[in-house]
Amino acid sequence: MSSTLDTALPRQRRLTGRAVFLTFVAFFGVVIAVNAVMLSLALDTMPGLTTDSSYKASQRFNRDLAAAGQRDARAWTVEARVDRDASGTGAVTIAVREPEGVPVERITVKASVQHPVRRANDRAFDVARTGPGTYAGTADGLVAGAHDLVIEVERDGETLYRSRNRVMLP
């Protein structure tokens, strides 16, 4: 009689050391995989870097302060306008004038837009002189949204003016 009852009961599973080990490996495998995916997504969208080397940036700090003082002493007026069309092509127009309104000549102007979060969206304009003290350029692949418009004015390899302004591209 008792032997018929034993066979009618459901078969019990035994918890073995191998099952515990495989459960541990599966659990931590899932945790590590999810962390790896989340880390790679976080680094792709926000690297957290504003400079490649903070040490080199700190070494340039005093030089940048002196350059800013010289820039303020020049009192140039730099006006810029940046537009973006529906295809993603951007156009920038920059006018550089002395305090008296005289166009600044013999300079090289560089302009770029830098996305505040994704460096992949940064674009440089190919700026050329279009008239006395006026420069214009275009860039492809601009995305809509907030960007920093960075303008650098150089003469003979020396940066005479540098600005960074937040712009909103349509």
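**Fold and local features of the predicted chain**

Apart from residues up to four places away in sequence, Asn121 touches Val113, His115, Val143 and His147, where contact means heavy atoms within 4.5 Å. Asn121 is located in the loop between S3 and strand S4 (123-131). Its relative accessible area is 15%, so Asn121 is buried; buried means under 20% relative accessible area, exposed over 50%, and partly exposed in between (1.4 Å probe, protein chains only). The model is a predicted one, in which local features need pLDDT of at least 70 and side-chain atom pairs count only at pLDDT 80 or more, while totals for chains, interfaces and linings use all residues. Residues are numbered from 1 along each chain as its sequence is written, and side-chain values use heavy atoms, with hydrogens and water left out.

The chain contains three helices and seven strands. These elements are DSSP runs numbered from the N terminus, with helices (H or I) of at least four residues and strands (E) of at least two. Their order from the N terminus is α-α-α-β-β-β-β-β-β-β. The chain is divided into domain 1 (15-47) and domain 2 (75-169), with bounds that come from an automatic or database domain assignment. A distance of 46 Å separates the C-alpha centres of domain 1 and domain 2.

The radius of gyration of the chain is 30 Å, whereas a compact globule of 170 residues would have one near 15 Å. This radius is taken over C-alpha atoms, and the globule rule is 2.2 Å times the number of residues to the power 0.38. The C-alpha trace spans about 115 × 40 × 20 Å along its principal axes. Of the 170 residues, 23% count as buried. Among contacts with a separation of 6 or more, 54% come from residues 24 or more positions apart.

According to the unreviewed UniProt entry, the annotation "transmembrane region" covers residues 20-43. UniProt positions are given in the numbering used here, feature names are shortened, and annotations may be inferred rather than shown by experiment. Residues 20-43 are 100% helix and 0% strand, and their end C-alpha atoms lie 34 Å apart.

Strand S6 (residues 145-155) is largely enclosed by the rest of the structure, because nine of its 11 residues are buried. Strand S3 (residues 108-114) runs antiparallel to S6 and is joined to it by seven bridges; two strands pair if DSSP finds at least two bridges between them. Lys110 has Glu152 in S6 as its bridge partner. S6 also pairs with strand S7 (residues 158-169), in the antiparallel sense, over 11 bridges. Asp148 stands opposite Arg166 in S7. Ser163 also belongs to strand S7 and is buried, with a relative accessible area of 12%. Beyond its neighbours within four places in sequence, Ser163 is in contact with Leu149, Val150 and Ile151.

Two residues between the strands form the link in the hairpin of S6 and S7, where Asp156 takes a positive phi near 55°. Asp156 counts as exposed, at 75% relative accessibility. Most residues other than glycine have a negative phi. Ala75, which is not a glycine, likewise has a positive phi of about 55°. Ala75 sits in the loop between helix H3 (54-74) and strand S1 (77-84), and its relative accessible area of 39% makes it partly exposed.
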